[in-house]
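Try each task before you read its solution.

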Amino acid sequence: MSEVMDGDRMSRALTRIAHEILERNRGVDELALVGIRTRGVPIARRLARALKDINGDDVPTGALDITLYRDDLMRNPVGPQPVIRRTEIPFSIDDRKILLVDDVLYTGRTIRAALDALIDFGRPRAIQLVVLVDRGHRELPIKADYVGKNLPTSLKESVQVRLEEIDGIDEVVLESTELHGPEVKS
Amino acid sequence: MNVDAPVLPTSSQGAGVTRLRSRHLLGIAGLDAAEIALILDTAEAMKEVGTRPIKKVPALRGRTVVNLFFEPSTRTRTSFEIAEKRLSADTLSIATATSSVTKGETLIDTVRNLEAMSPDMIVMRHASSGAPHLLSRVGRAAVINAGDGMHEHPTQALLDAFTIREHKGRLAGLKVAIVGDLLHSRVLRSNVLLLNTMGADLCLCGPSTLMPPGVERFDVKSTSSIDEAVDGADVVMMLRIQQERMSGHFIPSLREYFALFGLTPERLRRAKDDVIVMHPGPMNRGVEIDSEVADGPYSVILEQVSNGVAVRMAVLYLLAGHDSAEPLKA
């Protein structure tokens, strides 16, 4: 197990991403953040704070649960259904630029599901993807627009993002999963 | 488990369960408190789907659900159909006249024929208690009981509990009065089982002729005075007088019943200030409930109907996770 990011580096990465978002979109007009449950949600909230610190404007922030859109939902031979959590998007996404936020970008399947889910909420002007860590190994043609850290990994490793709001600590660690079999997080 | 907290990861990754033990939902009997909480938590997420511009998610794509109703039903059948469609399941509804089908061979034959078309789930309502249980033993599909005789109506109790939890934030410790035709009510049985499991404080009220035999085994208070039952209640649940199931004289007249057991605004004043009034429908206005109460500010009767869709989506979703396609022994 090795630490890839500590709290300081995470916070600097998010501040940098906030600046990149402002530069690319020329301000926060028509922007909205949507975090993918679970850990995309606190990251989206932190980005909203960072954007406000820089620009002074509030950016609407929502939470998206993609479980019902997963492509492996009914494919498990036996086993429990993944727990569904509430989607909360308390604003219209029509004609907005949506910043979709997740912690780790891996196969791209979660993002595919999130795109399908978002489209059911309306017709955004654009969707841009923000991830804290891009660990490679894409299985779908998906690319992030803003990346906290590019982290080359092997398939035998797993990337754990821990956040103060959920896990009590800010850190990103790389773990070997040899003993636990292949990682399932997409 | 903190039930009124927003559904955050802590509530579901902690002590809660993530699956139902049975692949059928035949009744509330057999569900424990954690499983009930899982269904209600899942229903909260499902309720949000119903508020979207596109009220449909692809979760049950390619699954076939048969709604097999041997008894008339508008609310429950429509509610299941909408729930199934919102989850993208393929559905078909079969309504059979009550009289033509009796328990036994005919039912088994009907079921075998349906099974031959390999549905994944069957939602069943039947006038005979235990019919869905029989179906679950005969077929391979997952079975959801949508009301069997005078036995159970589990999704109704779950949507009642969901509605109470939305208003009160909890179920444990609430004073719940259930008033009406207790004898013929499957809703009563499911509700008593559920609310007891979740730690509510129940009081049953009805004329002695409509008290189910063995009511003392429920281990809840019972009374024949509606004033006593409603006194200090957080929730008043009215049950329908089921004339169609009454094979003898249970009450002198409907007017007499209303005079003694009808829920009127005056009687409701004895309850807590923030009481909610519930009714599983269909209502007999002026028999068990005064129109002024049914349409009044304390009534959550139509919310119950809306919540029914979310709760049934939750049940369908959770049961679909169990694989029904175990290979047939040839």
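**Exercise 1: a strand and its neighbours**

In this predicted model, strand E4 (residues 97–105) of chain A pairs with E5(A) in the parallel sense, over 8 bridges. Find which residue in E5(A) stands opposite A:Val104, then work out why strand E5 (residues 126–134) of chain A is largely enclosed.

Solution, step by step:

1. Start from A:Val104: the residue opposite is A:Val133 in E5(A).
2. Follow the chain from E4(A) to E5(A): the path goes through helix H3 (residues 109–119) of chain A, and this β-α-β crossover is right-handed.
3. Now look for another partner: E5(A) also pairs with strand E6 (residues 146–150) of chain A, in the parallel sense and over 4 bridges. Here A:Val131 stands opposite A:Val147 in E6(A).
4. Finally, count burial, taking buried as under 20% relative accessible area. Of the 9 residues of E5(A), 7 are buried, so the strand is largely enclosed by the rest of the structure.

**Exercise 2: two helices in chain B**

Describe how helix H6 (residues 154–168) of chain B packs against helix H12 (residues 301–320) of chain B.

Solution, step by step:

1. Two packed helices are described by the angle between their axes and the distance between those axes.
2. For H6(B) and H12(B), the angle is about 115° and the axes lie 8 Å apart.
3. The crossing of H6(B) and H12(B) is right-handed.
4. Next, pick out the contacts: residues including B:Leu158, B:Leu159 and B:Phe162 in H6(B) meet a set in H12(B) that includes B:Asn307, B:Val311 and B:Val315.

Key:
Residues numbered from 1 in each chain as written. Chains lettered and ligands numbered in written order. Predicted model: local features only at pLDDT ≥ 70, side-chain atom pairs only at ≥ 80, totals over all residues. Heavy atoms only, no water. Axes fitted to C-alpha atoms, helices over the stretch in contact; angles between N-to-C directions. Left-handed = near helix turned anticlockwise from the far one by under 90°. Contact = heavy atoms within 4.5 Å. Buried < 20%, exposed > 50% of the residue type's maximum accessible area, 1.4 Å probe, protein only. Pairing = 2+ DSSP bridges. Right-handed = clockwise from strand over helix to strand, strands pointing away.
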